[in-house]
There are 2 protein chains.
Amino acid sequence: MMDIHSPDHSSDPAPWQTLATHAAFQNRWLQVLVDDVVLPDGRRYEYTRLQGAGIGVGVLGFNSNGEVLLEREYRHGVNQVVWQVPGGLAKADEDLQLAGLRELAEETGYAPAVITPQTVRYLGMIWDNPGFSPMCSHIYAVWDLTPTGKTQRDPAEFVTLHWVTPAWLKEAVRSGAIKDRVVVAAVAYLLLNGLMT
Amino acid sequence: MMDIHSPDHSSDPAPWQTLATHAAFQNRWLQVLVDDVVLPDGRRYEYTRLQGAGIGVGVLGFNSNGEVLLEREYRHGVNQVVWQVPGGLAKADEDLQLAGLRELAEETGYAPAVITPQTVRYLGMIWDNPGFSPMCSHIYAVWDLTPTGKTQRDPAEFVTLHWVTPAWLKEAVRSGAIKDRVVVAAVAYLLLNGLMT
């Protein structure tokens with residue numbers, strides 16, 4: 001059995017060698033890069049990949065009653081209103097935990113009453129799609145949410161807030177009502193860390 | 001509390017209205033679309049979104065010893081070798097379960113000994129990033145994997161296979177060694193359905 005934390009990866013597939021990179025599209029949100037690469041068997045291959053505009057953060061928050069704060073937001077990529085948790089992109093050089101708490105406060109008007117290792121916890125990071133892009137979300141759990149009394153949303157953010165029980169959250173993930181990878185991953189991390197039963 | 005399966009979404013944010021769509025980039029893997037949209041408050045906004053080349057499928061498989069089949073594969077989007085499960089894109093009009101079993105067999109040379117509701121089970125679907133794109137993965141669990149004796153990999157697929165225990169898998173997700181959203185979601189679904197303890 002491979003050691004999780006000190007793995008022997010000597011049998012790993014070789015990385016590819018990138019000979020040239022062509023920026024095929026770029027705007028403020030997205031860059032499409034087409035690489036001329038050499039595969040491990042020596043063949044040349046053209047590979048399309050993406051760069052995003054920053055590092056994603058997401059926050060699953062509980063209030064003092066143990067309820068979870070979810071959002072419903074219209075997401076244009078899937079042309080529907082979806083369940084998700086507060087989050088967004090960290091600013092350049094911004095601490096990721098602070099970015100998560102900033103997005104939480106801006107989108108929902110809630111913040112943990114105090115910031116301690118017991119009220120703010122890093123859960124983990126997932127890639128959107130490691131084949132395509134380094135775009136990812138760092139996921140935090142926050143407890144003891146209290147209202148700050150104000151929100152400050154981005155120009156294209158229109159969200160409604162919903163408090164649900166952990167039982168509701170788990171059934172919504174299990175049954176497929178929640179399809180956002182950040183929420184699903186947050187539930188996995190909370191269960192695996194014994195932070196939600 | 002909102003009903004999960006018959007929710008009252010009358011308070012939902014309004015969808016956006018798309019006035020025009022401009023294809024800013026296209027190749028066989030990816031299309032970048034820039035929409036001219038009207039936000040719920042009437043303002044115009046330019047929104048960048050992506051279309052992929054198909055519907056993703058992923059398969060987490062167990063052998064008769066209860067071990068899980070993982071892969072390590074170099075993924076160029078993150079420029080590293082990562083832990084993942086077999087999967088890929090369904091072909092046009094291909095049944096998604098058959099697509100998952102095809103990708104499993106092609107990449108790993110394993111298949112369930114028989115296909116029954118007990119050996120092949122749909123777990124759920126997650127979007128890569130619903131803000132950007134409808135790209136998604138439909139995730140299946142398969143039991144009773146047996147070797148078929150042959151693999152048939154895509155031109156740019158170089159993978160190594162690894163059998164791990166459920167305890168190893170859970171600790172690898174919890175600790176962050178596994179960062180692929182499909183594997184993390186599969187663990188969430190297995191735990192929530194009582195299919196892995």
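A: Helices (H or I, at least four residues) and strands (E, at least two) are DSSP runs, numbered from the N terminus. By that rule, chain A has 3 helices and 11 strands. Their order along the sequence is β-β-β-β-β-β-β-α-β-β-β-β-α-α.

The model is predicted: local features need pLDDT of at least 70, side-chain atom pairs count only at pLDDT 80 or more, and totals for chains, interfaces and linings use all residues. Residues are numbered from 1 along each chain as its sequence is written, while chains are lettered from A and ligands numbered from 1 in the order in which they are written.

Of its 197 residues, 42% are buried (20 or more other C-beta atoms within 10 Å of the residue's own, with C-beta atoms placed from the backbone). Two residues are in contact if their C-beta atoms, placed from the backbone, lie within 7 Å. Among contacts in chain A with a separation of 6 or more, 60% join residues 24 or more positions apart.

Now the pair. Chain B superposes on chain A by a rotation of 180° with 0.0 Å of shift along its axis, at RMSD 0.0 Å. That is how a two-fold axis relates copies.

Where they meet, 74 residues of chain B are in contact with 74 of chain A. Helix α3 (residues 181-192) of chain B gives the largest share of chain B's side, 8 residues. That side has 44 nonpolar, 18 polar and 12 charged residues. Here Ala, Val, Leu, Ile, Met, Phe, Trp, Tyr, Cys and Pro count as nonpolar, Asp, Glu, Lys and Arg as charged, and the others, Gly among them, as polar. The copies meet through the same surface, because 100% of the interface residues of chain B are also interface residues in chain A.

Zoom in on one helix pair. The axes of helix α2 (residues 166-175) of chain A and α3(B) come within 9 Å and cross at roughly 115°. So α2(A) is roughly perpendicular to α3(B) (65 to 115 degrees). A:Lys170, A:Val173 and A:Arg174 in α2(A) meet B:Ala188, B:Tyr189 and B:Leu192 in α3(B). This contact has 4 nonpolar, no polar and 2 charged residues.

Terms used:
Buried ≥ 20, exposed ≤ 12 C-beta atoms within 10 Å, placed from the backbone. Least-squares fit on C-alpha atoms with pLDDT ≥ 70 in both. Axes fitted to C-alpha atoms, helices over the stretch in contact; angles between N-to-C directions. Parallel < 35°, antiparallel > 145°, perpendicular 65-115°, else oblique.
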